[in-house]
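Here is a quick walk through a model, written for someone who likes to know the cut-offs behind the words. Have a look at the chain first, and then read on.

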Amino acid sequence: MSTEIWSIVLLSLKVSAFALVWAVPAAFGLAYLLARKRFWGRRLLSAIIMLPLVMPPVVTGLVLLYVFGPLGPVGLLLAPLGISFAFNSAGASLAAGLVALPLIVRPIRLSLEAIDPNLDEALAVAGRNSQQRFLMLYLPMALPGIVAGGILGFAKAMGEFGATITFVANIPGETQTFSLAIHSALQRFDGGETVLLLSIVSISISVIAVLGSEYLLAWLQKRMLGEQAVRHA
């Protein structure tokens with residue numbers, strides 16, 4: 001493959017990976033809040049989290065531009081600190097992670113909601129504080145959801161187009177990921193080979209990621225079931 005293709009591949013992986021770096025912890029916190037707490041506005045928060053999944057991606061990009069852009073309220077606050085998200089790879093990761101966030105929150109939330117409240121109560125009776133119960137119960141039980149959500153989020157982030165091109169544009173070497181590069185190549189008469197190569201590489205990465213998640217989930221399930229069998233014995 002040419003240097004140009006390798007650059008696009010590496011940038012796409014970088015943007016998707018950094019999208020997960022902030023999106024997975026945020027998704028876990030939101031999922032824990034929605035699954036284990038009861039408060040006014042809970043359903044509204046759940047609806048807001050799901051918005052990037054149902055809104056047109058271009059609208060999501062516009063919201064990011066108005067909020068984090070050079071003239072946006074957050075952008076103006078971050079500018080004196082030398083932090084900018086507009087028209088760079090950091091902004092691409094922000095856009096990709098936001099669009100992927102609902103897909104990460106949902107499986108984690110389902111994993112947390114499936115935890116038997118009696119287990120938490122038993123640990124509390126045994127003298128475990130909230131932090132210990134979180135580390136001993138909630139985090140391990142949420143791992144399958146974290147893995148599933150992370151893989152879904154990674155795939156979504158890698159294929160994101162609308163929000164990314166609206167917020168950070170299509171800048172080669174800076175924000176041009178798989179989808180944007182394929183879009184650009186489709187506009188050229190000689191771009192057929194580039195489109196084919198990028199499509200093959202992106203499909204290959206997606207297949208590897210999905211297969212890897214299946215093996216990891218099977219291993220986690222086997223280990224968790226094995227530990228439960230030992231406890232029951």
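First, the ground rules. This is a predicted model, so to speak of local features pLDDT has to be at least 70, side-chain atom pairs count only at pLDDT 80 or more, and totals for chains, interfaces and linings use all residues. Residues are numbered from 1 along each chain as its sequence is written, and side-chain values use heavy atoms, with hydrogens and water left out.

**Overall fold**

The protein has 10 helices and 0 strands, and reading along the sequence gives α-α-α-α-α-α-α-α-α-α. Helices here are DSSP runs of H or I with at least four residues, strands are runs of E with at least two, and both are numbered from the N terminus. Along the principal axes, the C-alpha atoms fill a box of roughly 65 × 40 × 30 Å.

How much of the protein counts as buried? The figure is 39% of the 233 residues, where buried means under 20% relative accessible area, exposed means over 50%, and partly exposed is in between (1.4 Å probe, protein chains only). Among contacts with a separation of 6 or more, 72% come from residues 24 or more positions apart; a contact means heavy atoms within 4.5 Å.

**Helix packing**

Two packed helices are described by the angle between their axes and the distance between the axes. The axes are lines fitted to C-alpha atoms, for helices over the stretch in contact, and the angles run from 0 to 180 degrees between N-to-C directions.

Take helix 1 and helix 5 to begin with: they pack at about 40°, with axes 6 Å apart. Helix 1 and helix 5 are therefore oblique to each other. On that scale, angles under 35 degrees are roughly parallel, over 145 roughly antiparallel, 65 to 115 roughly perpendicular, and the rest oblique. The crossing of helix 1 and helix 5 is right-handed, a crossing being right-handed if the near helix is turned clockwise from the far one by less than a right angle, and left-handed if anticlockwise. The residues of this contact between helix 1 and helix 5 split into 25 nonpolar, 3 polar and 4 charged. Nonpolar covers Ala, Val, Leu, Ile, Met, Phe, Trp, Tyr, Cys and Pro, charged covers Asp, Glu, Lys and Arg, and polar covers the others, Gly among them.

Helix 5 also meets helix 7, their axes coming within 7 Å and crossing at roughly 155°. Helix 5 and helix 7 are therefore roughly antiparallel, and helix 5 passes helix 7 in a right-handed crossing. The contact of helix 5 with helix 7 has 16 nonpolar, 5 polar and 1 charged residues.

**Aromatic pairs**

A pair of aromatic rings is described by the distance of the centres and the angle of the planes. There are 4 aromatic pairs in the structure. Rings of Phe, Tyr and Trp (its six-membered ring) pair if their centres lie within 6.5 Å; planes under 30 degrees apart are stacked, over 60 edge-to-face, and the rest tilted. Two of the pairs are set out here.

| Pair | Centre to centre | Angle of planes | Class |
|---|---|---|---|
| Phe28 and Phe134 | 5.6 Å | 80° | edge-to-face |
| Tyr32 and Phe134 | 5.8 Å | 80° | edge-to-face |

Phe28 sits in helix 1 (residues 3-36) and Phe134 in helix 7 (residues 130-159), so their pair ties together parts 106 residues apart in sequence.

Ring pairs join Phe28, Tyr32, Phe134 and Tyr138 into a cluster.

**Single residues**

Most residues other than glycine have a negative phi, and most peptide bonds are trans. Phe87 has a positive phi, near 60°. It lies in the loop between helix 4 (73-78) and helix 5 (89-113), and Phe87 is partly exposed at 41%. Ala169 has a positive phi too, near 65°. Its place is the loop between helix 8 (162-168) and helix 9 (178-186), where Ala169 counts as partly exposed at 23% relative accessibility.

Finally, Ser46 is in helix 2 (residues 42-54) and is buried at 19%. Apart from neighbours within four places in sequence, Ser46 touches Leu34 and Arg109.
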